[in-house]
Amino acid sequence: MAGNIELLNSVLAAATSENRAALVGYLPAGFPTVADGVRAITAMLDGGCDVVEVGLPHSDPVLDGPVIQTADDIALRGGIKITDVLRTVREAHEITGAPVLVMTYWNPVDAYGVERFAADLAAAGGAGCILPDLPVEESEVWRKAAEQHGLATVFVVAPSSRDDRLAKITAAGSGFVYAASLMGVTGTRESVGQEAQDLVRRTRAVTSLPVCVGLGVSNAEQAAQVAQFADGVIVGSAFVKRLLDAPDLDSGLAAVRTLAGELAEGVRKRA
């Protein structure tokens with residue numbers, strides 16, 4: 001069974017044709033439980049997200065800030081397994097019809113088996129994989145498996161990436177480019193700075209792939225700011241925080257849906 005890279009491509013292209021940025025939401029699988037995580041992801045998509053990233057919880061999440069680390073810890077203590085992550089992808093896609101990617105560090109994929117993971121993700125209806133710690137130079141085995149199974153391979157670029165490095169990374173990727181807006185870990189920020197705009201400009205100079213900006217966006221105003229120069233706006237910690245801060249699950253789901261709606265309005269406020 002082929003994965004849904006074409007669905008991802010068409011959703012991103014549709015947003016561009018509407019003269020707006022796409023809204024990409026993130027939540028780790030298994031948070032607060034596997035079943036409730038599916039409900040939360042569905043709420044994000046119902047609220048206005050175009051694409052969703054399902055995080056594969058990791059015991060040493062080097063890119064993630066304290067909010068996502070807390071959610072990962074809850075999922076890990078709940079016994080989350082890769083099969084649960086794939087179930088989350090399957091159910092979220094079946095319910096909403098939206099493109100769903102997995103964001104994961106490389107070790108779990110390698111341990112599970114590269115070909116097996118690509119085949120199982122495609123069978124679950126997944127659109128691709130974001131691999132923040134997989135060097136391009138070591139990615140050929142994964143990229144071949146992903147291409148064979150119709151999956152996008154999304155690489156992360158950072159403000160520290162030199163132009164020649166950006167060209168090499170983006171040439172190997174597909175789906176979109178994940179532009180980390182600043183150096184450091186994930187988490188909400190008071191502002192999204194000039195570094196992000198410069199990185200998008202430099203990245204666009206070497207690729208025709210959509211460039212989506214993540215790390216730091218937490219409200220509609222910031223989403224609107226990033227939407228002025230990016231093809232997509234990625235929001236994770238703000239959604240996780242809404243669930244963590246809620247007094248109960250139903251309140252959390254409502255808060256997630258509301259935030260998605262506010263962010264969806266934000267990405268449509270292009271000049």
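This is a predicted model: local features need pLDDT of at least 70, side-chain atom pairs count only at pLDDT 80 or more; totals for chains, interfaces and linings use all residues.
1. **Strand β3 and its neighbours.** Residues 100–103 make up β3. With β2 (residues 51–55) β3 pairs in the parallel sense over four bridges, and M103 of β3 is the bridge partner of G55. With β4 (residues 128–130) β3 also pairs in the parallel sense, here over three bridges. If you want a residue to look for in that pairing, L101 stands opposite G128 of β4.

2. **Side chains of β3.** Which way do the residues of β3 point? V100 and V102 point one way, while L101 and M103 point the other way. Residues on both sides of the strand are buried: V100, L101, V102 and M103.

3. The partner strand of β6 is β7 (residues 177–180), and the two pair in the parallel sense over two bridges. Here V156 has Y178 of β7 as its bridge partner.

4. **P132 in its loop.** You will find P132 in the loop that lies between β4 and α7 (140–148). Is P132 buried, partly exposed or exposed? Its relative accessibility is 24%, so P132 counts as partly exposed. From L7, P132 is 125 residues away in sequence and 22 Å away in space, taken C-alpha to C-alpha.

5. **Length and start of α12.** Helix α12 covers residues 249–266, which is 18 residues. From first C-alpha to last, α12 reaches 25 Å, close to the 26 Å expected at 1.5 Å a residue. The N-terminal end of α12 is capped by D248, with a side-chain oxygen 3.3 Å from the backbone nitrogen of D250.

6. **The buried residues of α12.** Which residues of α12 are buried? They are G252, L253, A255, V256, L259, A260, L263, A264 and G266. As a reminder when you look at that list, an α-helix has 3.6 residues a turn, so residues three or four places apart point the same way. What do the buried residues of α12 pack against? Their partners are the strands β1 (22–28) and β9 (232–235), together with the helices α2 (34–47), α10 (220–227) and α11 (237–245).

Key: Residues are numbered from 1 along each chain as its sequence is written. Side-chain values use heavy atoms; hydrogens and water are left out. Buried means under 20% relative accessible area, exposed over 50%, partly exposed in between (1.4 Å probe, protein chains only). Two strands pair if DSSP finds at least two bridges between them. The expected span of a helix is 1.5 Å times one less than its number of residues. Contact means heavy atoms within 4.5 Å. A polar contact is a pair of N or O atoms within 3.5 Å; within protein, one must be able to donate a hydrogen and the other to accept it, and residues adjacent in sequence count only if both atoms are side-chain atoms.
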